[in-house]
Structures are given as C-alpha cells and as structure tokens.
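Hi everyone, thanks for coming. Please have a look at the sequence and the model on the screen, and I'll talk you through a few places in it.

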Amino acid sequence: MGILNVVLWLPAIALVIVLMMPKDALVRIRAIAILASAGSLVLSWGLLGSFDPHGGLQFVERYPWDPEIGMEYYIGVDGLSYPLLLLTTLLAFSAMVACAWYTDRPKGLYVWFLLLEFSMIGVFIAHDWLVFYMFFEISLLPLYFLIGIWGGKNRMAATVTIFLYTLGGSLVVLLAMMTIYLNSPVHTFDMDKMVEIARGWDTEFQALVFVGLFLGFAVKIPAFPFHGWLALAHVEAPTPLSMLLSGVLLKMGAYGVLRAGEMLPLGLEWFAQYLMILGVINLVYGAVLAWRQTDLKGMVAFSSISHMGFVMMGTASLSTAGFVGASMQMLSHGILAAAAFMLVGWLYSKTHCRQLSDFGGLVTRVPVYSAFTIATLLAAMGLPGFSGFVGEFHAMTASIQAQGLWVMVGSAGVLVGMAYSLRAIDKVFMGPMNARWAGLTDMNKAEVVAAIPLVGLAVVLGCFPSLVMDIMQPTLAHIAAPFAGHGVAVASGF
C-alpha cells in the first residue's frame, strides 16, 4: 500500500476502531481520532520533498474496480490537487483537536469527523470521475449529522436546507457525468482519458456539459444564487465543522470547476463571461451581506461568499495567472476562514456572546487572542504581507486583462470587505473595555499552539508565496494551455 493510500485510509480505519469502543472511553477515543488525523497530516506533508512540480500526476495507485463500466480506483496528486490535500489534512487535524471543546456524545462526534476527513481527502486525490463523485457525495452525510446533533437551536432547519441544496447539486453533477459517459466512444471515468476524448466534442456539447457540472459544483462554492444554505449552516454548525465547511468543503466545488474546465476547455471558454459576472456578484454581494451582520460568526460566514468570488473570477480569466490566483485564494481562504472560525468559537466558548455590540476594548484584557484575531481579519481583507493579498492580486490582475469592466465593479466588494474587517476590529478590540469581561482570561498554551499554524502559515505564504506557487504553476499552466493568449503570465515578483 502506497503512502497516498495510507493518508486516505487512516481516518477510515480509526473510524472503525472508534465504533467498536465503549462510548465512555473518551480519552482513548479522542487519542485514536487525533493520532489518525495527525498520521494523515504528517504523511501528506512528508511527501513535499518527493513531489516534482513538473512531474504530472504522482504517487499514483490504480486498481480495477468495476471493469464493466470502466470504473477504477485511481488516485494521485498533481500541482492542483496536492496543495489542497495539504490544506485538508492540516485543517482536519486542527478541527479534530478543537473537538475537545465538546463533551456531548464524543464518540459519535469523532466518528463523523473521521468520515468527513476521509471523504475530503478522497475528493482531492481521486483521478476517476466516478470515484471523485462517490467521495463528493459521502461528505454530505457527516454534514447532516454533525449539524443535526451538535448544532445550534435552529439546527434542524440548517440540516434540511444544506441537505436539499447539496443533494440537488450532487444529482446535477451525476447527470452531467452520465451525459459524458454515454457520449464517449470509450466508456471510462478516467480523468486523463476524458481529457483526450473531449477533444472530439464541439463547443455546443462541451458548453452543455460544463454548465451542468458547474451548476452542481456551484452549490458547494457557493456561487450566487446557490448560497442560501451557507450562512444558516455556519451559524448553527459546531466550531470544528465550521472550520472544515468553509476551509475545505467550499474548495471542493471550486476544484471541481477547474477539473471540469481541464476536461471541457471549450465549455469553460464559452461560459467564462458568465462565470466572471457570477464571481463579481459573489464578491460584492457577499461583502455587503457580511457588512450587514452584527454576529461575528455570521460575518465570517458571509465573507466566505465574497472571497470565493475571487476564485471564480480567476478561473474565468482563462489564464495561468488567473488559475494560480484562484488556487492561491482557495488555500489562503481555507487557512484564514478556519482560523477565524476557531477564534470566534473560542470567544463564544468563553463569553456565550457573538454580537459585535457586546464587546469592546478586549485588546487590553486578552492581548494574545486579540493579536491572533486582528492578524486574521487583516489578512482576510487582503493586506500585503499575508496570503490573501497574493491570491487576490493574481485573480484581479488576470481578470482585468480578460474582462476589465467587470473587475472595476468588483473592486467595490474589496472596499466593503476592508470596511467590515476594520469595523469588527474596532468594535471588538478597541475603545473602552466592556466591564462584563473584566474576568475574561486569555488563551492558554494549548489554544495558542492550535492557532499558531494557521495564522503563521498565512504570514509565511504571504511573504514567501513561491513555496506553494512553484508547486501549482506547471499543472495550472498545462490546464491553461488551450486558452493561450487570453491572459498574462504570473507576476515575476511572486
């Protein structure tokens, strides 16, 4: 068994072990779940030294699964999927550690989180469309039960909403895949072979299938107008799930769009102008919705809609620079959203309040917590020196080259994003301290250790973006090759 298989199946094996343990063995259950997640983290990051950015698909494992329909257990990573695998294992481990805050039915909590980690890893390493779809679909079950059992007071409404949205999107993806399969001269779901087969399809057919795939993936992104489930799910979800929901699960939709564009370049090219418009709407509308929030968690949730607008705009630019910007924004937003939800969850666990008006002057009372949160909010608004700036800069630059007018409209969303971030910093941390929190204690050592990797990585990637961009660029340049002449090169300064 190769390392990539171990990375994938460790959470599943731990899940089975936890299921067989008595429910009152909390210490052992927690230890097994965290150790399994840590194992996937260490092994996936350990592959960095062996990964060749110019080597195409690597660490491949391939076995026949259902030869009758051409389905294979086919896994591997390239410059697009490997950084997302690293993000997934990092955030899954952080979320697993954060589960220690919850003592209600811990056995079930860890079981569902292990299944969620298993499905998320599977999505990013699958190189067979049907295997990709299976993992994509499996991720729905943990969402449903984690929100339904450990969510807030409106959790039932949230579970029904997310189930209907995501199941509807998954069915559209399945229909599009079946259309591809039935119109292929060779019945296969192999992603590489599908790229070759699709070259024989005309623009009309590629556009039809691409739009079908996009509509399904748009629910996960979430793209306007399929964003309705996000805020309710985030507000009601337990903090560790919010970290993964915004940090990883939204990226599954954007990753699917890029993979669909690789297979159907004529379809993506036809749809690019509409994708750009939807990206601008996401950017501006999401920022306005975040500005309207008085609840910290709601603000972070709606900001995700806005930030994913950059991903859509970068993809719509049809250029290497745009694809790099979209991928960097996926990584950056994943890190920063997870950090933001972790920090908001910490504050809520101490105060049982999330309203901006309930705070004030916390910087004098909890300076360590304040430093982490202020840095996260500044990074999220795209301040230079943080990872958010790099992704946004490349996405915006490439989008201006492709469709400048729409980007000028979208710049309003950037300004509103700065406004709600600065307002949150002012309301929560500045000014006179609210006397209610005179006894509030700062983050302990374990909580600081949990926050450092996320906030620290945002700084490292902001100062040294080439660490990950060098991994991404060869693969993304290959995906962008059919659109030669549409955009600009990656900025030499990065």
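Let's start with a definition: a nonpolar core is a set of buried Ala, Val, Leu, Ile, Met, Phe, Trp, Tyr and Cys residues joined through side-chain atoms within 4.5 Å. And buried means under 20% relative accessible area, with exposed being over 50% and partly exposed in between, using a 1.4 Å probe and protein chains only.

Before I go on, some housekeeping. This is a predicted model, where local features need pLDDT of at least 70, side-chain atom pairs count only at pLDDT 80 or more, and totals for chains, interfaces and linings use all residues. Residues are numbered from 1 along each chain as its sequence is written, and side-chain values use heavy atoms, leaving out hydrogens and water.

Okay, the core. Which residues of the largest nonpolar core touch the most other members? They are Phe113, Trp129, Phe132, Leu213, Phe214, Met263 and Leu362, out of 180 residues in that core. Helix α14, residues 320-351, gives the largest share of this core, with 17 residues. When I say helix, I mean a DSSP run of H or I with at least four residues, while a strand is a run of E with at least two, and both are numbered from the N terminus.

Take Phe113 from that list. Skipping residues up to four places away in sequence, Phe113 touches Ala95, Met96, Cys99, Leu146, Pro240, Leu241 and Leu244. Touching, or contact, means heavy atoms within 4.5 Å.

Now find Met177, in helix α7, residues 155-182. Is Met177 buried or exposed? Its relative accessibility is 3%, so Met177 counts as buried. Beyond its neighbours within four places in sequence, Met177 is in contact with Trp129, Phe132, Tyr133, Phe189 and Leu213. Look at Trp129 in particular: that residue is 48 residues apart from Met177 along the chain, yet their C-alpha atoms are separated by 7.7 Å.

Next up, a pair of helices. Two packed helices are described by the angle between their axes and the distance between the axes. Axes here are lines fitted to C-alpha atoms, for helices over the stretch in contact, and the angles run from 0 to 180 degrees between N-to-C directions. Our pair is α9, residues 203-220, and α11, residues 239-263; their axes come within 7 Å and cross at roughly 165°. So α9 and α11 are roughly antiparallel to each other. For the cut-offs, angles under 35 degrees are roughly parallel, over 145 roughly antiparallel, 65 to 115 roughly perpendicular, and the rest oblique.

Who makes that contact? On the α9 side we have Phe210, Leu213, Phe214, Phe217 and Lys220, and on the α11 side there are several, including Leu249, Gly253, Gly256 and Met263. By class, the contact has 10 nonpolar, 3 polar and 1 charged residues. In this scheme Ala, Val, Leu, Ile, Met, Phe, Trp, Tyr, Cys and Pro count as nonpolar, Asp, Glu, Lys and Arg as charged, and the others, Gly among them, as polar.

Keep your eye on the loop between α9 and α10, residues 228-236 being α10, because that's where Pro222 is found. Pro222 is joined to Ile221 by a cis peptide bond, with omega about -10°. Pro225 lies in the loop between α9 and α10 as well, and the peptide bond from Phe224 to Pro225 is cis, with omega near 5°.

Why point these out? Most residues other than glycine have a negative phi, and most peptide bonds are trans. Phi of Phe59 is near 55°, a positive value, and Phe59 is partly exposed at 25% relative accessible area. Leu318 has a positive phi too, near 60°. Leu318 sits in the loop between α13 and α14, and with 3% relative accessibility it counts as buried.

Finally, two residues of α14. Gln329 is found in that helix and counts as buried, at 2% relative accessibility. Away from its neighbours within four places in sequence, Gln329 is in contact with His307, Phe310, Val311, Gly334, Gly388, Gly391 and Glu392. Leaving out residues up to four places away in sequence, Lys350 touches Leu440, Thr441 and Glu447.
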